[in-house]
Number of protein chains: 2
Amino acid sequence: MTEIPNSHPRYESLMARERIVKGVKEGLTSLQGMIAQGRGEAFDYLLGERTTPSANAATKAAAAMLLLAKRPAISVNGNVAALVPAGMVELAKTFNAPLEVNLFHRTEERVAKIAALLRSLGAPLVLGERPDQHIPGLEHSRAFATRGGIFDADVVLIPLEDGDRCEALVKMEKKVVAIDLNPLSRTSRMATVTIVDNIARAVPNLVFSAAELSKSRPEYWRSLLREYDNNVILRQTADEILNHLNSQFSQQFSNTQNIFMQREH
Amino acid sequence: MTEIPNSHPRYESLMARERIVKGVKEGLTSLQGMIAQGRGEAFDYLLGERTTPSANAATKAAAAMLLLAKRPAISVNGNVAALVPAGMVELAKTFNAPLEVNLFHRTEERVAKIAALLRSLGAPLVLGERPDQHIPGLEHSRAFATRGGIFDADVVLIPLEDGDRCEALVKMEKKVVAIDLNPLSRTSRMATVTIVDNIARAVPNLVFSAAELSKSRPEYWRSLLREYDNNVILRQTADEILNHLNSQFSQQFSNTQNIFMQREH
């Protein structure tokens, strides 16, 4: 990896970028995954590179939904494997859920490498190498799914997922928890619970929320979900972005008028 | 390239992405360039993937500045070479300016490939293969510049440039025209004229503006520049982004309240 001083103001963002470059070089991540990472960087920048109050609320609801699931499953793609592999293993243990490798640009070699990485980090059950089912409405290898994993799960966690796949899972009447930095993406709008946050912050936050909720009873988890409205939360995220951008722009260009005046003299 | 139907609502954006992937595969573009492309996609999305009124004003000022230049020069990096190589040659002819290959992650092989591509498209003068000067304040190969090109230019056009290099050129008292999709980037804030627009739209627009301005006299070009204030233009771009986002969010979540009400019953 390129050396980055941890005093750098954008250290976390630059480290994430290096992890993706390393993922591509190691054959975990597709070239297209780098463009997705770049888009994510820009959207995170709009959020102020922080977990917003709406993201916290969504994360808490997601933890409740995953704790209440009968057959949860967690999807892992090439960017997720490059960015937070250990975190995904921790989530799998927290929610007693299989990890299923699920690639947009599927190659058997990449699936095998990602599965091996997750196992080396202690994942109890990794699926995706021998899919035995198809998700209706998706084409070719993008439809692949595994019985005992995503295919017959009641709740699926899909970090950094494509809109088509998210929509197809929702049509199967699954509850879908998405992690996505763009509140306007199809994935964000289709999911049952959308965490609009950087995956590097969302995953530990989800583990933490599950630990906190475990201190209370399932009745409380159910009440959280009854009160939760994903559209209200996304609207709140939109406001958080607008407010942040507005303050950034105001700060940057506050002396615009003065500069303009000075030029007149 | 992957087949993309030109009826696709985001055809231009997807084609640009394919051009960058092709650029990486052909050795024109660095892996890191793909992340930059992804960031650009996200910022273009915020602009509404259109040339805004402020971008048009900046483009006109940029054309005037380049027409008035005594020794203009145009910088070309790996993303620019992948995205708009023919457009850069057209700009070189329009403004009678050399193209100088100038890479953030410099390798001699990439410089040679980009120079060969530009020459094959008819570029009259391509520099950058044998830099003979250093730009003060930059490290190692990032400081390389060529006499007769960027090093002693009075006006430099830098599309998709890094903030450090932009700042170093401004410190050399050059006039700098930047093309950059992030109005808050250091490049945008440091440049003399910043065109906040997608390079695929900005380059033909700049050629068109130069042709239009050529019908009037240099006195008019100078008056355009006297009236131009880059900070005012950037603030206007910021407002255009906020207005666009606000309308997108409102459109998307307009029925939020209704949905919320329905859930209460």
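## Basis of the description

Residues are numbered from 1 along each chain as its sequence is written, chains are lettered from A and ligands numbered from 1 in the order in which they are written, and side-chain values use heavy atoms, with hydrogens and water left out. Because the model is predicted, local features need pLDDT of at least 70 and side-chain atom pairs count only at pLDDT 80 or more, whereas totals for chains, interfaces and linings use all residues.

## Relation of the two copies

Chain B can be laid on chain A by a turn of 180° and a shift of 0.0 Å along the axis, with an RMSD of 0.0 Å; the superposition is by least squares on the C-alpha atoms of residues with pLDDT of at least 70 in both copies. The two copies are thus related as by a two-fold rotation axis. The same surface serves both, since 100% of the contact residues of chain B recur in chain A, contact meaning heavy atoms within 4.5 Å.

## The sheet

In chain B, 6 strands form an open sheet with parallel pairing, in the order β3-β2-β1-β6-β7-β8. Helices (H or I, at least four residues) and strands (E, at least two) are DSSP runs numbered from the N terminus, and two strands pair if DSSP finds at least two bridges between them. The edges are taken by β3 (126-127) and β8 (193-195) of chain B, each with a single partner strand, so one side of each is left without a neighbour in the sheet. Strand β2 (residues 99-101) of chain B is joined to β3(B) by 2 bridges, and L99(B) stands opposite V126(B).

In chain A, 5 of the 5 residues of strand β6 (residues 155-159) are buried, so this strand is largely enclosed by the rest of the structure; buried means under 20% relative accessible area, exposed over 50%, and partly exposed in between (1.4 Å probe, protein chains only). V155(A), L157(A) and P159(A) cover one side of β6(A), and V156(A) and I158(A) the other. Parallel to β6(A) run β1 (residues 72-76) of chain A, joined by 3 bridges, and β7 (residues 175-179) of chain A, joined by 5 bridges. The chain crosses from β6(A) through helix α7 (residues 163-171) of chain A to β7(A) in a right-handed β-α-β crossover, that is, the path over the helix runs clockwise with the strands pointing away from the viewer.

Within helix α7 (residues 163-171) of chain B, G163(B), R165(B), C166(B), A168(B) and L169(B) are buried, and the buried residues of α7(B) pack against β5 (144-145), β6 (155-159), β7 (175-179) and α8 (186-190) of chain B.

I150(B) is placed in the loop between β5 and β6 of chain B and is buried, with a relative accessible area of 1%. Its contacts, not counting residues up to four places away in sequence, include L169(B), V156(B) and A73(B).

## Salt bridges

Over all chains there are 36 salt bridges, each a side-chain nitrogen of Lys or Arg within 4 Å of a carboxyl oxygen of Asp or Glu. In one of them, E129(A) and R119(A) have their closest N and O atoms 2.7 Å apart. E129(A) lies in the loop between β3 (126-127) and β4 (133-134) of chain A and R119(A) in helix α6 (residues 108-120) of chain A, so the pair ties together parts that are 10 residues apart in sequence.

R201(B) and D197(B) also meet in a salt bridge (2.8 Å, N to O); R201(B) is partly exposed at 21% relative accessibility, whereas D197(B) is buried at 1%.
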